[in-house]
Amino acid sequence: MKNLSIRLKITLWFTVTMIIVVIFAYLAVFAVSRQILIKTIQDSLVQNVENNVDEIEYHSDISQLLKTHRYDYLIKYGNGYLDIDDDFLSKVNEVYTSLYSKKFVLIYGSNPTSSITEGLDFKDSKIQKVRSNGNWYYVFDRKLKGNGLDDLWLRGAVSEEQGERQMSGLIRAAVILLPLLTILASAGGYLIAKHALKPVQKISWTAKQISEGNDLKRRIDIGDGDDELHHLAATFDEMFDRLERAFEQERQFTSDVSHELRTPMTVINAQCEYTLEEERTVEEYENAILVIRRQARKMTKLINHMLDFARLEMRTGKYTDICLDVSELVDAICSDMKLIHEHGITLEYATETVVLSVNPELFSRLLTNLVSNAYRYGRENGHIFVHLRREQTTLVLSVEDDGIGIEEKEQDKIFQRFYQTDSSRGGDGTGLGLAMVCEIAHYYNGTVDVESVFGHGSTFTVRLPGATSSLEI
Ligand code: ADP
C-alpha cells in the first residue's frame, strides 16, 4: 500500500467507500421494496374480492330469468338460485376469489389454499396470513349481505411468492448492477483523482527540472484557482522566485566584487612593478607607497561597503529595531556632520518628533550617506538642509543641497550599485552609497526619490511608513 501512488490510493479508498455505500443503498431498497410489494399484493387481493361482491345475486324464483335469459351462471342454493355474473373474476394476477357457504362449502371459484383454509375462520374484511404447501398466503374474507346472501362469504387468496418473484427480479438486477456500478465508480474515481492531482505532478516535475537542470527560471504556473493545490503551486513559485533572486544576487555580488577590486589591484601592481624596476629616489618610493596606501584604503572601504550591502540585501544581518524618536538621532548626526564644514559648506537642520521602529545603525547609515554625498557633490560655500517631518503615518526625511546637481538622464541610474556619473568617477566614492540608502529604505518598506536641477542642486527624499508622533502606545 505504501508504494502505491496517491492516485491509486485515492481510487482504492473511493472504490471501497462506493461499494459500502452501494451495498447499504441496496439493502435499504430491498427492505423498502419488500414492504411496498407486500402492501401492493394485499391491496390487489382486497380490490379483487371487493370487485366480486356485486357480481352475485340470489333469486328465489328464476322463471322470469329463464324466460328472458338474463342470467350468466346459475347455481342451486337453498330454496332458490345464485346467479353468478360473468364479471366475477375468480383468478386475476394469481389472486383467487371463491364463494363459500358459512360451513366452508366451496360454491364457486377456485382457491389454492382451500385444503388448509377450509377450517380457517371467516373474518369479515380482515387479511389473514396462512401457510399452505410450504408457501405463505394472504387470505381476505368478505361477508355477503342482502336478500338470501347472508350466509355466504367471499374468500380471496394470494401467494406471498407472487411478490417474491418480483423481488427476485430486483435482486438479479442488483447482482449485475452492483459490480458494474463499482467498476464505473472506480474508473470515474481514478480519472477524477488523476485530474485533481495533475498539479502535483507538475509541481514535482518542475522541482525536478530545476534541481537537475539548474534552470531557476522555470515556474509551475498551473493557472488561476483557489484550491489547496493552486496555493501550494503558488507558494512553490514564490519560493523559486526568491531562490532565483538569491542566486542572482550572489552571482552579481561575486561579479561586482571582482570587477570593483580589479582597478585598485591593478594600480597597486603597477606601482609595485614601477618601483621595483630600478633604483628610485626616496621621494618616488614615498609617492608609490602613498598611492598603494590610498588604493588599499579604497579596497578596504569597498569591501566593507559591499559586505554591508550584501548582508542587507540578502537579509542575513541581524538588525534589531527599536521604537525611537528619530528626530533625536537626526539631530545628533547633523550636529556631528556640521563640523565637517568641507568646501565651506554649511549644514542646517530642522526636525520634529517622529517616532518609528527602526534600527538606529541602519537609519544613521542612510542619513550619513545622503549628507556625505551632499558635501561631496556640494559647491564651494554652499548649503545643506536636512528636514525631518511626519506626514500622517509616514516619516519624511529630506536632504537638500545647492551643489552640482544631477543630469535628468542620470537620475534613475544613480541608485544602481556601483553607478557613478562621469564627473564623480575617480573620487573617493564607491558607487554604493545611494544603493545602500535605497536598500535600507526598502528594508523598511519605504521609498527614496530624487529631485535635481543640473548645476543647481539636488533634494533626496526618504519616506518610511509606520510613523507616529509619540512614544506611548
Ligand atoms: P558615490 O560613492 O559615488 O557617491 P553613490 O551611490 O552615493 O556613490 O552616488 C552615486 C552617484 O550619484 C554619484 O557618483 C554622484 O554622481 C551622484 N550623486 C549622489 N548624490 C549626489 C548629490 N547630492 N549631488 C549630485 N550628485 C549626486
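The domain assignment divides the protein into domain 1 (6–168), domain 2 (228–313) and domain 3 (319–465), and the centres of domain 1 and domain 3, taken over C-alpha atoms, are separated by 107 Å. The model is predicted.

**Salt bridges**

- Lys39 forms a salt bridge with Asp43, with 3.2 Å between the closest N and O atoms; because these two residues are four apart in helix H1, about one helical turn separates them.
- Lys39 counts as partly exposed at 48% relative accessibility, and Asp43 likewise counts as partly exposed, at 40%.
- Arg155 forms a salt bridge with Asp141, the closest N and O atoms being 2.6 Å apart; Arg155 lies in strand E9 (residues 152–159) and Asp141 in strand E8, so the pair ties together parts that are 14 residues apart in sequence.
- Both members of that pair, Arg155 and Asp141, are buried.
- Lys409 forms a salt bridge with Glu407, where the closest N and O atoms are 3.6 Å apart; Lys409 is exposed, with a relative accessible area of 57%, whereas Glu407 counts as partly exposed at 30%.
- A network of salt bridges links Lys217, Arg219, Asp241 and Glu244.
- Side chains of opposite charge can pair when their charged atoms come close.

**Arg142 in strand E8**

- Arg142 is found in strand E8 (residues 135–143), and it counts as buried because its relative accessibility is 18%, under the 20% limit for that class.
- The side chain of Arg142 is joined to that of Glu50 by a polar contact of 3.0 Å.
- With its neighbours within four places in sequence left aside, Arg142 is in contact with Val49, Glu50, Val53, Asp124, Ser125, Leu152, Trp153 and Leu154.

**Asp85 and its surroundings**

- Asp85 lies in the loop between strand E3 (80–84) and strand E4 (91–92), and it is partly exposed, with a relative accessible area of 28%.
- The side chain of Asp85 reaches the backbone nitrogen of Asp87 at 2.9 Å, and, when residues up to four places away in sequence are not counted, Asp85 touches Glu55 and Asp72.
- Asp85 and Arg219 are 134 residues apart along the chain, and their C-alpha atoms are separated by 90 Å.

**Nonpolar surface patch**

- Leu4, Ile6, Leu8, Ile10, Leu12, Trp13, Tyr190 and Leu191 make a nonpolar surface patch of about 710 Å².
- The elements giving two or more residues to this patch are helix H1 (6–53) and helix H4 (161–196), with the largest share, five residues, coming from H1.
- Leu191 has its place in helix H4 and is exposed, with a relative accessible area of 56%.

**Residues with positive phi**

- Asn93, although it is not a glycine, has a positive phi of about 45 degrees; Asn93 is found in the loop between E4 and strand E5 (95–101) and is exposed, with a relative accessible area of 62%.
- His341, also a residue other than glycine, has a positive phi near 50 degrees; His341 lies in the loop between helix H8 (326–337) and strand E11 (346–351) and is partly exposed, with a relative accessible area of 46%.

How values were computed. Residues numbered from 1 in each chain as written. Predicted model: local features only at pLDDT ≥ 70, side-chain atom pairs only at ≥ 80, totals over all residues. Heavy atoms only, no water. Buried < 20%, exposed > 50% of the residue type's maximum accessible area, 1.4 Å probe, protein only. Polar contact = N/O pair within 3.5 Å; in protein donor to acceptor, adjacent residues only side chain to side chain. Contact = heavy atoms within 4.5 Å. Patch = residues over 30% accessible without salt bridge, like charges linked within 9 Å, V, L, I, M, F, W, Y side chains within 5 Å. Areas by Shrake-Rupley, 256 points an atom, 1.4 Å probe, with all protein chains shown as cover. Salt bridge = Lys/Arg side-chain N within 4 Å of Asp/Glu carboxyl O. Domains from an automatic or database assignment.
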